Amino acid sequence: MAVTIQNWKRDLSYSAHSLVRADSVNHIVSIVKDTERYPSPVRVKGSHHSTTRCIEANGGTVIDVSGLDRILEIDADALTICMQAGVRHIDAARALEKKGLQFYVNVEIGNLTVGSGACGGTKDASFISDRITEYGQVASYCIAMKVVQADGSIVEISEQDSEMMSMMRSSYGLLGILVEVTYRVKPLRAMAVRHQAYSVHAFVERLDELLAGQQSMMLYLFPFLDRVVVEYRYDSSKPVRSGSWQWRLRNYVWKTLSPGFARVVGQAIPWAGLRHRIYNGWNRLTMKVMQLLLRDCNSSPADQIIRYPETAGFASYTFSIWAFPRASYGQALLDYFEFCRNYHRANGYRCDLLNVGYSIAADRQSQFSYSRRGPVLTLDPVATGANGWPEFLDAYNEFCHQHQGTPLFNQTPGITPAQVQAAFAAEIPAFLELRERLDPEQRFYTPWFRQLLEQN
Ligand SMILES: Cc1cc2nc3c(=O)[nH]c(=O)nc-3n(C[C@H](O)[C@H](O)[C@H](O)COP(=O)(O)OP(=O)(O)OC[C@H]3O[C@@H](n4cnc5c(N)ncnc54)[C@H](O)[C@@H]3O)c2cc1C
């Protein structure tokens with residue numbers, strides 16, 4: 001009896017043979033070993049927030065790890081946290097906060113399971129603390145993991161085996177099922193935030209100078225207004241005040257108000273020209289609110305993290321992402337704004353939400369890191385996913401491919417084998433060789449990954 005499973009946004013579905021909620025590590029071992037009752041591919045379901053077919057297990061077995069949600073140890077001396085794979089990022093961040101600790105990378109998505117964070121692509125603007133630029137990918141701070149392998153054996157891997165860790169940190173379940181993970185953490189410090197708007201040309205001209213400012217930079221992009229708003233975050237010497245109203249306002253507008261408004265406008269206003277003007281008006285208002293109200297001097301870093309509803313409702317958004325070398329980002333950004341306007345003129349489609357971007361440090365901690373070759377900034381379209389979004393993504397993917405971008409397997413929908421091969425030609429062979437050695441019977445391999453990694 002097949003079971004249909006959807007991702008969080010419910011814009012992807014697949015048909016699995018079975019969905020099993022794991023209640024222990026031994027349970028996972030028994031599922032992996034029992035090839036008759038639990039057909040391949042065996043895949044893990046975190047909170048299924050991924051926007052790509054990386055989650056698919058057509059005809060196979062899906063293991064829901066949400067029951068493995070125990071924080072096993074927080075070691076304030078060693079600055080580590082050890083957790084079962086199904087723990088949610090937000091729950092772990094709040095537990096750390098209570099002990100005077102914090103994650104290095106506080107991605108906005110609280111529903112991220114820590115097992116997925118340790119073996120898949122993530123992004124947040126790299127934080128800069130005491131003049132040290134930190135990584136912007138969650139997995140880079142995973143220093144140890146316990147993994148159920150294809151033959152059902154359990155192996156423990158740590159950062160001492162740096163090559164293996166690098167493979168595991170971008171393995172997406174293809175090299176085994178992560179059941180426990182240990183992350184390195186740091187002492188809690190208050191965080192300041194402010195927002196500053198620039199014309200896109202001024203931003204591009206001043207990009208090097210702004211990046212040299214030693215503050216974390218997330219970008220809010222407005223292709224139809226020629227504007228960029230930078231969210232600057234940095235350490236503050238003040239005492240931490242958790243639950244800042246500024247972040248609650250930001251999170252509410254981002255998670256609910258803006259997508260809800262865009263959906264209502266999209267459904268209620270049949271005239272494209274008027275819709276376009278309303279979106280622009282809303283974006284102008286958003287820019288003003290950001291600059292005027294969204295500033296704080298002593299937030300808790302965990303306040304940035306959002307707990308989304310279990311499945312997407314009426315007011316929800318989706319997105320994509322490609323990363324670009326820092327040196328060519330300015331031109332890529334200008335070209336992207338022009339691409340968005342041209343696409344709108346030619347096809348009548350535009351993103352109904354603002355777009356974003358992140359400045360992220362060079363990072364060789366994982367095999368498929370999108371910043372392996374140097375620091376990057378990203379271009380992330382965001383939309384409610386209304387009619388026209390999938391076609392826009394195809395054109396956007398081609399645009400990014402032409403601009404030497406790098407995609408993420410779990411966050412860049414619609415990527416083609418040619419685009420993946422161009423981005424990861426140097427990294428794929430070693431990964432495939434290891435995958436074949438660890439899983440010759442293809443217990444964890446799926447046609448989607450095979451096509452992207454092997455089709456030239
Ligand atoms: C509204 C929204 C906001 C988002 N915001 C951000 C953001 O700010 N920053 C960011 O980086 N990302 C963001 N994302 C993307 C999201 O973080 C990633 O897609 C992430 O992989 C989702 O984790 P998950 O727990 O839902 O895993 P899933 O989507 O369920 O799984 C992802 C992949 O990892 C595999 N996998 C999961 N757990 C394990 C495990 N324990 N062992 C082996 N394999 C495993 C799965 O089989 C699958 O291939 C957002 C997504 C949405 C929908």
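**Ligand site, sheet and backbone**

Mentor: A polar side-chain atom of Ser 50 lies 2.7 Å from an oxygen atom of the ligand. Keep in mind that this is a predicted model.

Trainee: Which backbone atom lies 2.8 Å from an oxygen atom of the ligand?

Mentor: A backbone N or O atom of His 49.

Trainee: And what lies 3.1 Å from a nitrogen atom of the ligand?

Mentor: That is a polar side-chain atom of Gln 411.

Trainee: How much of the ligand's accessible area does the protein cover?

Mentor: On its own the ligand has 970 Å² of accessible area, and the protein covers 99% of that. The space the ligand takes is the largest cavity.

Trainee: Which elements give two or more residues to the shell around the ligand?

Mentor: They are strand S4 (42-45), helix H3 (114-119) and strand S13 (177-187).

Trainee: How many residues surround the ligand, and which are the closest?

Mentor: There are 32, and the closest are Ser 47, His 48, Ser 50, Thr 113 and Lys 123.

Trainee: How do the shell residues divide into nonpolar, polar and charged?

Mentor: The shell has 15 nonpolar residues, 13 polar ones and four charged ones.

Trainee: Back to His 48, where is its place?

Mentor: His 48 is in the loop between S4 and strand S5 (61-64). Its phi is near 55°, a positive value in a residue other than glycine. Most residues other than glycine have a negative phi.

Trainee: What about the peptide bond that joins Ser 40 and Pro 41, cis or trans?

Mentor: Cis, with omega at about -5°. Most peptide bonds are trans. Pro 41 is found in the loop between helix H1 (25-33) and S4.

Trainee: Changing topic, what is the strand order in the open sheet of eight strands?

Mentor: The order is S17-S14-S16-S15-S20-S21-S19-S23, and the pairing is antiparallel.

Trainee: Why is one side of S17 and of S23 left without a neighbour in the sheet?

Mentor: Strand S17 (296-299) and strand S23 (406-407) stand at the edges and each has a single partner strand, so one side of each is left without a neighbour in the sheet.

Trainee: Over how many bridges do S19 and S23 pair?

Mentor: Strand S19 (residues 322-325) pairs with S23 over two bridges, in the antiparallel sense.

Trainee: Which residue in S23 is the bridge partner of Ala 323?

Mentor: Thr 406.

Key. Residues are numbered from 1 along each chain as its sequence is written. This is a predicted model: local features need pLDDT of at least 70, side-chain atom pairs count only at pLDDT 80 or more; totals for chains, interfaces and linings use all residues. Side-chain values use heavy atoms; hydrogens and water are left out. A residue is near a molecule or strand if one of its heavy atoms lies within 4 Å of it. A polar contact is a pair of N or O atoms within 3.5 Å; within protein, one must be able to donate a hydrogen and the other to accept it, and residues adjacent in sequence count only if both atoms are side-chain atoms. Accessible areas come from the Shrake-Rupley method with a 1.4 Å probe; for residues, only the protein chains shown count as cover. On a 1 Å grid over the protein atoms alone, a cavity is a set of points where a 1.4 Å probe fits but cannot get out, and a pocket is an open set with protein on both sides within 12 Å along at least five of seven lines; lining residues have an atom within 4 Å of a point. A molecule sits in a cavity or pocket if more than half of its atoms lie within 2 Å of its grid points. Helices (H or I, at least four residues) and strands (E, at least two) are DSSP runs, numbered from the N terminus. Ala, Val, Leu, Ile, Met, Phe, Trp, Tyr, Cys and Pro count as nonpolar, Asp, Glu, Lys and Arg as charged, and the others, Gly among them, as polar. Two strands pair if DSSP finds at least two bridges between them.
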